[in-house]
Amino acid sequence: MASRAMDTAIERAAQNGSCTVSIRNTNHMGILSFYALKAVKRNMIATVMCNTPPFVAAFGGAAPVIGTNPVCWALPGPEFPIVMDMAISPARGASVLRGSTE
């Protein structure tokens, strides 16, 4: 679903100069730079964001109230793209849930 949304955004941005696409009923898209780099390959700037369910407790709290809410910005560069792909809290994945440090 996210890949199709980025393809649609790229197509419409090529026609109109810019485009914003939203997806509903999803909250995990993996590495956001995968989608942003699709736009960079077409010499476009991309912002990709995703919300997530609560995973991290606020400072001093015990219950999770903050999601990882990742965000990625990517833009073409003269030799290589500039990409920032990050989350506002620790990454959530199988190794994190198992307590692995790998």
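# Close-up views of the predicted model

**View 1. Asn-43, a non-glycine residue with a positive phi.** Asn-43 is exposed, with a relative accessible area of 62% (exposed means over 50%, buried under 20%, partly exposed in between; 1.4 Å probe, protein chains only). The residue sits in the loop between α2 (33-40) and β1. Helices (H or I, at least four residues) and strands (E, at least two) are DSSP runs, numbered from the N terminus. The phi of Asn-43 is about 65°. Most residues other than glycine have a negative phi. The model is predicted, so local features need pLDDT of at least 70 and side-chain atom pairs count only at pLDDT 80 or more, while totals for chains, interfaces and linings use all residues. Numbering starts from 1 along each chain as its sequence is written, and side-chain values use heavy atoms, with hydrogens and water left out.

**View 2. The whole protein chain, with 3 helices and 5 strands.** The order along the sequence is α-α-β-β-β-β-β-α. The protein chain has 102 residues, of which 25% are buried. Its accessible surface comes to about 7,300 Å² (Shrake-Rupley method, 1.4 Å probe; for residues, only the protein chains shown count as cover). Carbon and sulfur atoms account for 56% of that surface. Contacts (heavy atoms within 4.5 Å) were also sorted by sequence separation. Among those between residues at least 6 apart, 44% join residues at least 24 apart.

**View 3. Met-6 in helix α1 (residues 2-16).** Met-6 counts as buried, at 11% relative accessibility. Leaving out residues up to four places away in sequence, Met-6 touches Tyr-35, Ala-36, Lys-38, Ala-39, Ala-46 and Val-48. Two of these partners, Tyr-35 and Lys-38, return in the next two views. Cys-19 lies 13 residues from Met-6 in sequence. The C-alpha atoms of Met-6 and Cys-19 are 9.8 Å apart.

**View 4. The salt bridge between Lys-38 and Asp-7.** The structure holds 1 salt bridge (a side-chain nitrogen of Lys or Arg within 4 Å of a carboxyl oxygen of Asp or Glu). It joins Lys-38 to Asp-7, with the closest N and O atoms 2.8 Å apart. The pair links distant parts of the chain: Lys-38 belongs to helix α2 and Asp-7 to helix α1, 31 residues apart. Lys-38 is partly exposed, with a relative accessible area of 21%. Asp-7 is also partly exposed, at 40%.

**View 5. The aromatic pair of Phe-34 and Tyr-35.** A search of the whole structure finds 1 aromatic pair. It is formed by Phe-34 and Tyr-35 and is edge-to-face. Their rings lie 5.1 Å apart, centre to centre, with 90° between the planes. Rings of Phe, Tyr and Trp (its six-membered ring) pair if their centres lie within 6.5 Å; planes under 30 degrees apart count as stacked, over 60 as edge-to-face and the rest as tilted. Tyr-35 is buried, with a relative accessible area of 12%.

**View 6. Thr-52 and its contacts.** Thr-52 lies in the loop between β1 (46-49) and β2 (56-57). Its side chain reaches the backbone nitrogen of Thr-68 at 2.7 Å. Setting aside neighbours within four places in sequence, Thr-52 is in contact with Asn-27, Gly-67, Thr-68, Asn-69 and Pro-70. One of these, Asn-69, lies in the loop between β3 and β4 (71-75). Asn-69 has a positive phi of about 35°, although it is not a glycine. Asn-69 is partly exposed, with a relative accessible area of 27%.

**View 7. A nonpolar patch on the surface.** Its members are Val-65, Ile-66, Trp-73, Met-84, Met-86 and Ile-88. Together they have about 530 Å² of accessible area. Patches take residues with over 30% relative accessible area and no salt bridge; like charges are joined within 9 Å, nonpolar side chains (Val, Leu, Ile, Met, Phe, Trp, Tyr) within 5 Å. Strands β3 (64-66) and β5 (82-86) each supply at least two residues of this patch.

**View 8. Ile-88, a member of the nonpolar patch.** Ile-88 is placed in the loop between β5 and α3 (94-98). Its relative accessibility is 53%, so Ile-88 counts as exposed. Not counting residues up to four places away in sequence, Ile-88 touches Ile-66, Gly-67, Thr-68 and Asn-69. Ile-88 and Pro-70 are 18 residues apart in sequence. In space, the two are 6.5 Å apart, C-alpha to C-alpha.

Definitions and conventions. Polar contact = N/O pair within 3.5 Å; in protein donor to acceptor, adjacent residues only side chain to side chain.
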